[in-house]
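This briefing covers the fold, the ligand site, the backbone geometry and the salt bridges of the model shown here.

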Amino acid sequence: MFTPSKKTIEEGDRVVVYFNRDRMSLVHIKSGQTFNSKFGNFHHKRLIGCDYGSKVASEDGTGFMHILRLTPELWSLTLDHRTQILFNLDISAVIFNLEVRNGSKVVESGTGSGSLSTSFARTIAPLGHLYTFEFHGERAKHAQKDFADNGIDKYITVTHRDVCKLGFQLPEETDMIGHIDAVFLDLPSPWEAIDHAIAVMREGGMLCSFSPCIEQVQAVCLKLDQSDFEEIKTIEVLMRNYDVRVQEDEELFLNNPYKTFESKQQQLQQQGDDNKSQVRKRKKWESGTVESFEVGCIQGEMNNKLMMKPQTMERGHTGYLTFARWMPKI
Ligand SMILES: C[S@@+](CC[C@H](N)C(=O)[O-])C[C@H]1O[C@@H](n2cnc3c(N)ncnc32)[C@H](O)[C@@H]1O
């Protein structure tokens, strides 16, 4: 996953096949296998040796797809959901506000489906480390396997544990206590894990709690306030997408059609256009065309305009992100 310099697809690679924004899948390349889709069938053998980013036709030539290199962003869009997951918009806000960077030591719970863990791993690599905790045994195992398959397991330690009862300390990790730069909690009762977080955090380290309900946010904020945390803030991140497309737009010159007609004719003649037909075309800007036309004596223009409109279906509330900095009083 962290080899952007790799140009071509090889046996064993995990790739993302992309049909459109809403249709993409994770594919493990194995030469004997075929990827079947409503856009056609694709033999893996034919994908091996293609450049990442290539457009590949289906076996019968009727469909096509693009093959993309797996990134943490595409992983979050294509992974096998075993739990609710954090999506890229919240993930970017978490990583930015937690001040996580290469070399950071981060604690996370629960691991869930490993969506956030994978972005954490890319950000802290190669010098930092992620300690992630999950109390559901199968989920912990599955996440460990995914991290190994994606080649990021050397940056992540997965521990199967109830952190509200047992906390985050790992006896074998001697430089963990007092050195954790950031803690992220995605738990039903995060306030129960805050004392455990303090036990491993460095002074000035950041904590974030993700909760879907405002009652959970209130309980977390109260606990943070009683526990020497400063700069407490809660945010909700919402995305607004816009569709951009070319739209035809008719404009009639109703104010003074005759005058407009004359001035239009003069303008066209000045441009050296000797075509006397009533429908004329000329290029406008780089993108669209303008067609002149006449309805009775009234002149008009048909414009191609670039229009933007918000998409009707917006992804709504996912959760509240509460951030705070641990500043213990001496
Ligand atoms: C919503 S999921 C986390 C999703 C994850 N943030 C992601 O992006 O994929 C919450 C996880 O926390 C785990 N969990 C709940 N309580 C826990 C506890 N006390 N200790 C450890 N893990 C816990 C659950 O099993 C679940 O897998």
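## Overview

Of the 330 residues in the protein chain, 42% count as buried, where buried means under 20% relative accessible area, exposed over 50% and partly exposed in between, with a 1.4 Å probe and protein chains only. The model is predicted: local features need pLDDT of at least 70, side-chain atom pairs count only at pLDDT 80 or more, and totals for chains, interfaces and linings use all residues. Residues are numbered from 1 along each chain as its sequence is written, and side-chain values use heavy atoms, with hydrogens and water left out.

**Chain as a whole**

- The protein chain holds 9 helices and 17 strands; these are DSSP runs numbered from the N terminus, with helices being H or I of at least four residues and strands E of at least two.
- Contacts (heavy atoms within 4.5 Å) between residues at least 6 apart in sequence join residues at least 24 apart in 64% of cases.
- The accessible surface of the protein chain is about 18200 Å², and 52% of that belongs to carbon and sulfur atoms; the areas come from the Shrake-Rupley method with a 1.4 Å probe, and for residues only the protein chains shown count as cover.

- Helix α3 spans residues 88-97, and its buried residues are D90, I91, A93, V94, I95 and N97.
- An α-helix has 3.6 residues a turn, so residues three or four places apart point the same way.

**Ligand site**

- There are 23 residues around the ligand, of which L86, E134, R139, D162 and D186 come nearest; a residue is counted as near if one of its heavy atoms lies within 4 Å.
- The residues of this shell divide into 8 nonpolar, 10 polar and 5 charged. Ala, Val, Leu, Ile, Met, Phe, Trp, Tyr, Cys and Pro count as nonpolar, Asp, Glu, Lys and Arg as charged, and the others, Gly among them, as polar.
- Helices α4 and α6 (163-166) each supply at least two residues of the shell.
- An N or O atom in the side chain of E134 is 2.5 Å from an oxygen atom of the ligand.
- A backbone N or O atom of S115 lies 3.2 Å from a ligand oxygen atom, and a polar backbone atom of V163 is 3.1 Å from a ligand nitrogen atom.
- Taken alone the ligand exposes 610 Å², and the protein buries 91% of that.

**Backbone geometry**

- Most residues other than glycine have a negative phi, and most peptide bonds are trans.
- S109 and G110 are joined by a cis peptide bond with omega about -10°; G110 is in the loop between β7 (105-109) and α4.
- A cis peptide bond with omega about 5° joins A125 and P126, and P126 lies in the loop between α4 and β8 (129-134).
- E99 has a positive phi, near 60°. This residue is in the loop between α3 and β7 and counts as partly exposed because its relative accessibility is 37%.
- E231, in strand β12, has a positive phi near 55°.

- T159 lies in strand β9 and is buried at 14% relative accessibility. Leaving out residues up to four places away in sequence, T159 touches T132, F133, E134 and L170.
- Y155 lies in the loop between α5 (137-149) and β9 (156-160) and is buried, with a relative accessible area of 12%. The C-alpha atoms of Y155 and T118 are 9.7 Å apart, and the two residues are 37 apart in sequence.

**Salt bridges**

- The whole structure has 17 salt bridges, each a side-chain nitrogen of Lys or Arg within 4 Å of a carboxyl oxygen of Asp or Glu.
- R46 and E59 form a salt bridge, with the closest N and O atoms 2.9 Å apart. R46 is in helix α1 (residues 44-47) and E59 in the loop between β5 (55-57) and β6 (64-69), 13 residues apart.
- K223 and D195 meet in a salt bridge at 3.2 Å, N to O. K223 is in helix α8 (residues 214-225) and D195 in helix α7 (residues 194-198), 28 residues apart.
- In the salt bridge of K329 with D228, the closest N and O atoms are 3.3 Å apart. K329 lies in the segment after β17 and D228 in the loop between α8 and β12, so the pair ties together parts 101 residues apart in sequence.
- K329 is exposed at 60% relative accessible area, whereas D228 is partly exposed at 25%.
- A network of salt bridges links R14, R82, K145, D146 and D149.

How values were computed. Polar contact = N/O pair within 3.5 Å; in protein donor to acceptor, adjacent residues only side chain to side chain.
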